Amino acid sequence: MSGPVDESVMASAGRGVSAIEIQEGRTTTIGSLGIVRVLPAKGRRAIGPWCFVDLMTPGDLEEPPPIEIGPHPHIGLATVTWLFEGSALHSDSLGTEQLIRPGQLNLMTAGRGIAHAELGVDMSSAAATNGHMGVQMWLAQPEATRHGTSRFQHLGDLPVAALDGGDATVIVGGVAAASSEAVVDQPTVGLDVTFRERVEVPVDTTFEHAVVPIGDPLKVDDAIVEPGSLAYVPPGSGSLAIETRSGTSRFLLLGGEPLGVPIKMWWNFVARDLDEITEAWRAW
C-alpha cells in the first residue's frame with residue numbers, strides 16, 4: 001500500500017493506570033479504496049519496528065472496490081500484507097508473482113530498494129469483518145539491514161496459538177510456544193487474535209505493543225479503544241487483558257523492541273534523513 005503520511009492525527013494520552021495511550025486514526029483513500037490509517041500518529045511514529053498500519057475499509061460492504069495499487073518503490077522497510085477477505089496478486093521487481101488469501105502472509109523486504117504492485121483478484125464481501133478487507137503494514141528496517149538486498153517471503157500456513165480465552169494466528173514472531181517462520185530483521189510480534197468476552201495474551205516485557213480492534217470496541221486493561229484507533233502499551237507488562245461486549249471479537253496485536261532511533265517517512269520510503277529520501281525519489 002502506498003499513500004501520503006499525514007501527521008495530523010489526534011492522540012489522547014494518559015488513559016489507563018498502566019499508561020496506555022489511545023491513538024485515533026484518520027480516514028483517507030487510495031484510488032477507490034477506503035483506508036483507516038492508525039499508524040503513524042502524531043507523537044507516535046513507530047511501535048517497535050511497526051511504522052505504518054492501514055486498514056482497508058470499503059464504503060460498500062457487499063461490493064468492495066478493487067485493490068488496484070500500481071507499481072511503486074520502497075526503501076528501508078518490509079511490507080506485511082494480511083487479508084481478512086478476498087484475494088490479491090502481488091508482483092515485484094524480483095520477478096515474484098504471488099497470490100495471497102486470508103490466513104496467508106506476504107512479506108516483502110525492500111532493503112536498499114524494490115518496486116511492487118498489488119491487484120485485487122477476488123473482492124469478497126467484507127460484511128463478515130465489519131467492513132475490514134485486510135491490512136497493509138510496514139516494518140522499519142534497522143541500520144544493519146536497511147541498505148541490504150531485497151527479498152520476498154510467502155507463508156501459506158501459519159501457526160495458531162491457543163490463548164487463555166481465545167486463539168492467535170501468529171503472523172510474525174511468536175506467542176505461547178507457537179512461532180511464525182517469517183524472517184524479520186528485529187525482534188517483533190504480530191498476532192491476529194479472535195476471542196469471546198475476555199482473552200489474556202502473554203507478551204514480552206521488553207516490547208512496546210499496539211492493540212488494533214477489527215470491527216468492535218475493546219477494553220485493553222482499563223482503557224477503551226474504538227475501531228479506527230489503536231491502544232499503545234509501553235514496555236513493562238508481561239501480559240495484556242483484552243475484553244469485549246460484542247460476542248466474538250478480533251484484534252491485531254503488534255509489537256517489538258523499540259527502534260531506538262528516529263525515522264523519516266515520506267511517500268513509500270523509510271529512511272533516517274531527508275537526503276536519503278530525496279536520493280530514492282530521484283532514483284525512482
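Arg 151 forms a salt bridge with Asp 185, and the closest N and O atoms of the pair are 2.7 Å apart. This pair links distant parts of the chain, since Arg 151 lies in strand β13 and Asp 185 in the loop between β16 (178-179) and β17, 34 residues apart. A salt bridge is defined as a side-chain nitrogen of Lys or Arg within 4 Å of a carboxyl oxygen of Asp or Glu. Helices (H or I, at least four residues) and strands (E, at least two) are DSSP runs, numbered from the N terminus. The model is predicted: local features need pLDDT of at least 70, side-chain atom pairs count only at pLDDT 80 or more, and totals for chains, interfaces and linings use all residues. Residues are numbered from 1 along each chain as its sequence is written, and side-chain values use heavy atoms, with hydrogens and water left out.

Arg 151 is partly exposed, at a relative accessible area of 29%, and Asp 185 is partly exposed as well, at 27%. Here buried means under 20% relative accessible area, exposed means over 50%, and partly exposed lies in between (1.4 Å probe, protein chains only).

The structure holds 9 salt bridges. One of them joins Arg 250 to Asp 192, with the closest N and O atoms 2.7 Å apart. Here too distant parts of the chain are linked: Arg 250 is in strand β22 (residues 239-256) and Asp 192 in strand β17, 58 residues apart. Arg 250 counts as partly exposed at 22% relative accessibility, whereas Asp 192 counts as buried at 4%. A salt bridge is also formed by Glu 243 and Arg 198, whose closest N and O atoms are 3.8 Å apart. Glu 243 belongs to strand β22 and Arg 198 to strand β17, 45 residues apart. Glu 243 is partly exposed at 31% relative accessibility, and Arg 198 is partly exposed at 41%.

Strand pairing was examined next. Strands of a sheet pair through backbone hydrogen bonds, either parallel or antiparallel. Two strands are taken to pair if DSSP finds at least two bridges between them. An open sheet is formed by 7 strands in the order β3-β4-β5-β12-β7-β10-β13, with antiparallel pairing. β3 (26-30) and β13 (151-155) stand at the edges with a single partner strand each, so one side of each is left without a neighbour in the sheet. Within the sheet, β5 (residues 50-56) and β12 (residues 134-140) run antiparallel and are joined by 6 bridges. Val 53 stands opposite Met 137 in β12.

Strands β8 (residues 87-92) and β9 (residues 97-100) also run antiparallel, joined by 4 bridges. They form a hairpin with 4 residues between them, and Gly 95 in the turn has a positive phi of about 95 degrees. Ser 91 stands opposite Glu 97 in β9.

Two loop residues are buried. Ala 46, in the loop between β4 (33-39) and β5, has a relative accessible area of 16% and is therefore buried. Ala 46 and Ala 140 are 94 residues apart in sequence and 8.4 Å apart in space, C-alpha to C-alpha. Val 203 lies in the loop between β17 (188-202) and β18 (208-213), and Val 203 is buried at a relative accessible area of 14%.
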